Amino acid sequence: PNVTNKLWHGIISFAHQDQVDDRLMMQVTEDYIKELNLDNNQYMVVKHQDTTHEHLHIIFNRVQFDGNVTRDYRCGYRTKLVMQKLEKKYGLTQAEKQGNKRKEAIANQIEIGLLNQESIEEIFKRIEIIGFSVVYNKTAKGVIRGVSFRDKEKGINFKSSEISRKYSYSKLLKQTQRQIVKQKNREIPL
């Protein structure tokens, strides 16, 4: 079949506090594959230990054994729902709750920076201090179109707009630039 994206890349991450062995990882993986109806696809599972938590990369061939093509429409959302179900089934740490704590920590630093009328660079330094690296998402011409925060310990990315729409890169930039203009206007003697 004529398919643009022939592969689907899935990741299953286990929290460092979860006690998982290879057998449990494979049980979760098999259930993940069945729940997403990918058991008629060729796939490869790779275990990674390059971060403080173990995780698996699963690469699927979207062309099924019978020649049909697996749709990848909303695959991230579908994966999230399946993983929530499997986290409960196997008593694993729920990623969404962990993610919310990280997002709250980032949001707090942004709010403090905005209240202190800091520049966007100063706000990003605040976020780096609490354990996140700032990743700029750029166009092919090098223009910044967004920003993500990567948890240095866990290796998990959060788009700024995922934390809150008001924290998208363009909105943060506008807010911080307005504050700089206000400060300069206050400094001009009459």
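A salt bridge is taken here as a side-chain nitrogen of Lys or Arg within 4 Å of a carboxyl oxygen of Asp or Glu. By this criterion, the predicted model holds 7 salt bridges. One of them joins the side chains of D31 and K89, with an N to O distance of 2.8 Å. Because D31 lies in helix α1 (residues 22-35) and K89 in helix α2, this pair ties together parts that are 58 residues apart in sequence. D31 is buried, at 15% relative accessibility, whereas K89 is exposed, with a relative accessible area of 55%.

Helices α1 and α2 are also linked through E35 and K85, whose closest N and O atoms are 3.1 Å apart. The parts tied together by this pair are 50 residues apart in sequence. Both E35, at 36%, and K85, at 48% relative accessibility, are partly exposed. A further salt bridge is formed by E118 and R126, with 2.8 Å between the closest N and O atoms; E118 is buried at 14%, and R126 is partly exposed at 22%.

Helix α4 spans residues 120-129, and its buried residues are I120, I123, F124 and I127. These residues lie on the same side of α4 because they cover an arc of only 100° around the axis. The exposed residues K125 and I129 are carried on the face turned away from the buried side. Just after α4, G131 adopts a positive phi of about 105°.

Conventions: Residues numbered from 1 in each chain as written. Predicted model: local features only at pLDDT ≥ 70, side-chain atom pairs only at ≥ 80, totals over all residues. Heavy atoms only, no water. Buried < 20%, exposed > 50% of the residue type's maximum accessible area, 1.4 Å probe, protein only. Helix = DSSP H or I, 4+ residues; strand = E, 2+ residues; numbered from the N terminus. Arc of directions from axis to C-beta.
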